[in-house]
Structure formats: structure tokens, C-alpha cells
Amino acid sequence: MTPTHFTFTARYETDTERLGQALARLLPPGSVVALHGALGAGKTRLVQALATACGVERREVVSPTFVLVHEYLGDRPIYHIDACRLRDEDEFLALGADEYFGVPNLVLIEWAERVARCLPSERLEITIEIGDGDARQFKVEARGQKYAEVVENLRKEFA
Ligand SMILES: Nc1ncnc2c1ncn2[C@@H]1O[C@H](COP(=O)(O)OP(=O)(O)OP(=O)(O)O)[C@@H](O)[C@H]1O
Ligand SMILES: [Mg+2]
């Protein structure tokens with residue numbers, strides 16, 4: 001299947017917030033989102049927007065520092081993982097990573113390239129590039145039909 005892309009430029013943080021809100025609405029239960037981008041790109045910020053749109057208190061959503069996996073209970077269980085803090089893929093598997101993937105969970109992984117081998121082949125890939133000031137470019141790529149629909153709907157919404 002041809003990969004489907006959607007590119008979104010956020011000029012301000014509020015645009016990132018809107019993208020997170022749209023994703024919260026469009027991602028079906030059991031979705032996996034792999035996040036990429038440099039330090040300070042906005043991966044955690046996007047997770048914050050997504051999770052709060054799912055009914056989680058914003059202050060609950062922080063970088064996973066002391067625990068490797070954060071669980072938030074919103075309108076569905078959300079698992080927020082920062083692979084940057086994992087030693088390697090084996091540590092990720094030892095955490096029971098596989099058990100997170102599945103309906104109705106929403107799994108969001110920062111620095112996902114570090115655990116690429118452990119991820120389901122069907123997922124949404126989001127790469128964030130830092131622009132001038134608060135500008136950020138989000139490249140959203142679908143892997144699999146379910147996510148192709150998400151990308152199509154994002155395209156319609158932000159056209
Ligand atoms: N358009 C924007 N979208 C997202 N964040 C923005 C934007 N403009 C400014 N910011 C700021 O950029 C920072 C992004 O930090 P964040 O913790 O989300 O980065 P990160 O990608 O998770 O980095 P790390 O790899 O260290 O976890 C925040 O301080 C946020 O306020
Ligand atoms: Mg982060």
C-alpha cells in the first residue's frame with residue numbers, strides 16, 4: 001500500500017494544540033503513534049494536547065522522567081512512553097511493551113526510532129521539525145489502512 005502523508009505547519013503552539021485535538025478525535029481505539037524529532041521539538045507538547053482532549057488533566061502529562069511509562073486514564077487508557085530513557089529494545093520488551101498495543105489503548109512513543117523493532121508494523125508516524133520561533137512542521141505518515149483514513153481526515157480538516 002502506498003504510504004499516505006500529511007504535512008502540517010504549526011506557526012504557534014496553539015496550532016499544535018489543534019492538531020492534538022484532531023488526533024484525539026480521529027485515532028481509533030488501539031492506535032499506536034510513533035513520535036520523532038529533536039529535543040524540544042514538541043513531542044511531549046503534542047501528547048499533552050492529545051491526552052487533554054481525551055479528558056486527562058494537563059498537569060498530569062509530563063515527560064516520563066521517573067517512570068518509563070506513564071498511564072493516563074482519559075476516555076480511553078493512554079500509555080506515554082519515552083524511548084529516550086530506555087537502555088535498549090530489550091528493556092522495552094521487558095516492560096511488557098507488547099501488552100500495551102491493542103484495543104482500546106492509545107500508545108504514544110517519543111523517540112520511537114529507538115525501539116522501532118518492537119513497534120507494530122501498522123502505526124502512525126509523526127516527525128516534528130523545529131522552524132523559526134514557535135513554528136513546527138509535522139509530517140504525519142500512515143502505515144496501514146486504518147491510519148491512512150486518519151491522515152485523509154486530517155487532510156480534510158486542515159485543508
Ligand atoms: N508550535 C509549538 N508546538 C509545540 N511546542 C512548542 C511550539 N512552540 C513552542 N513550543 C515549546 O517547545 C517546547 C517543546 O517541548 P517538548 O517537551 O514538547 O519537546 P520534546 O520533543 O518532547 O523534547 P524531548 O525530546 O526533550 O522530550 C515546549 O517548551 C513548548 O512550549
Ligand atoms: Mg518529550
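Me: Which residues touch the most other members of the largest nonpolar core?
Reply: This is a predicted model: local features need pLDDT of at least 70, side-chain atom pairs count only at pLDDT 80 or more, and totals for chains, interfaces and linings use all residues. A nonpolar core is a set of buried Ala, Val, Leu, Ile, Met, Phe, Trp, Tyr and Cys residues joined through side-chain atoms within 4.5 Å; buried means under 20% relative accessible area, exposed over 50%, partly exposed in between (1.4 Å probe, protein chains only). The core here has 52 residues, and those with the most touching members are Leu 23, Leu 27, Phe 92, Ile 109, Leu 124 and Ile 126.

Me: Which helix gives the largest share of this core?
Reply: Helices (H or I, at least four residues) and strands (E, at least two) are DSSP runs, numbered from the N terminus. The largest share is 6 residues, and they come from residues 145-158, helix H5.

Me: Which residues does Leu 23 contact, leaving aside neighbours within four places in sequence?
Reply: Residues are numbered from 1 along each chain as its sequence is written, chains are lettered from A and ligands numbered from 1 in written order, and side-chain values use heavy atoms, without hydrogens and water. Contact means heavy atoms within 4.5 Å. By that rule, the partners of Leu 23 are Leu 46, Leu 50, Leu 124, Ile 126, Val 150 and Leu 154.

Me: How many residues of H2 are buried?
Reply: The buried ones include Lys 43, Leu 46 and Ala 51. Helix H2 is mostly covered, and of its 11 residues the buried number is 9.

Me: Which residues coordinate the magnesium ion?
Reply: Donors are N, O and S atoms within 2.8 Å of the metal (3.2 Å for Na, K and Ca); water is not among the atoms, so sites may look incomplete. At 2.1 Å, the magnesium ion (ligand 2) is held by OG1 of one residue and OE of another: Thr 44 and Glu 110.

Me: How many residues apart are Thr 44 and Glu 110?
Reply: Both are buried. Thr 44 sits in helix H2 (residues 43-53) and Glu 110 in strand E5 (residues 106-110). The pair links distant parts of the chain, with a separation of 66 residues.

Me: What share of ligand 1 does the protein bury?
Reply: A polar contact is a pair of N or O atoms within 3.5 Å; within protein, one must be able to donate a hydrogen and the other to accept it, and residues adjacent in sequence count only if both atoms are side-chain atoms. The Thr 44 side chain has an N or O atom 2.8 Å from an oxygen of ligand 1, and a backbone N or O of Arg 45 is also 2.8 Å from a ligand 1 oxygen. Taken alone, ligand 1 exposes 640 Å², and the protein buries 76%.

Me: Is Glu 89 buried or exposed?
Reply: Glu 89 lies in helix H3 (residues 89-94). Its side chain makes a polar contact with the side chain of Arg 117 at 2.6 Å. Glu 89 has 13% relative accessibility, so it counts as buried.

Me: Is Ser 31 buried or exposed?
Reply: Ser 31 lies in the loop between H1 and strand E2 (32-36). Beyond residues up to four places away in sequence, Ser 31 touches Asn 105, Leu 106, Val 107, Lys 146 and Tyr 147. Its relative accessibility is 0%, so Ser 31 counts as buried.

Methods: Accessible areas come from the Shrake-Rupley method with a 1.4 Å probe; for residues, only the protein chains shown count as cover.
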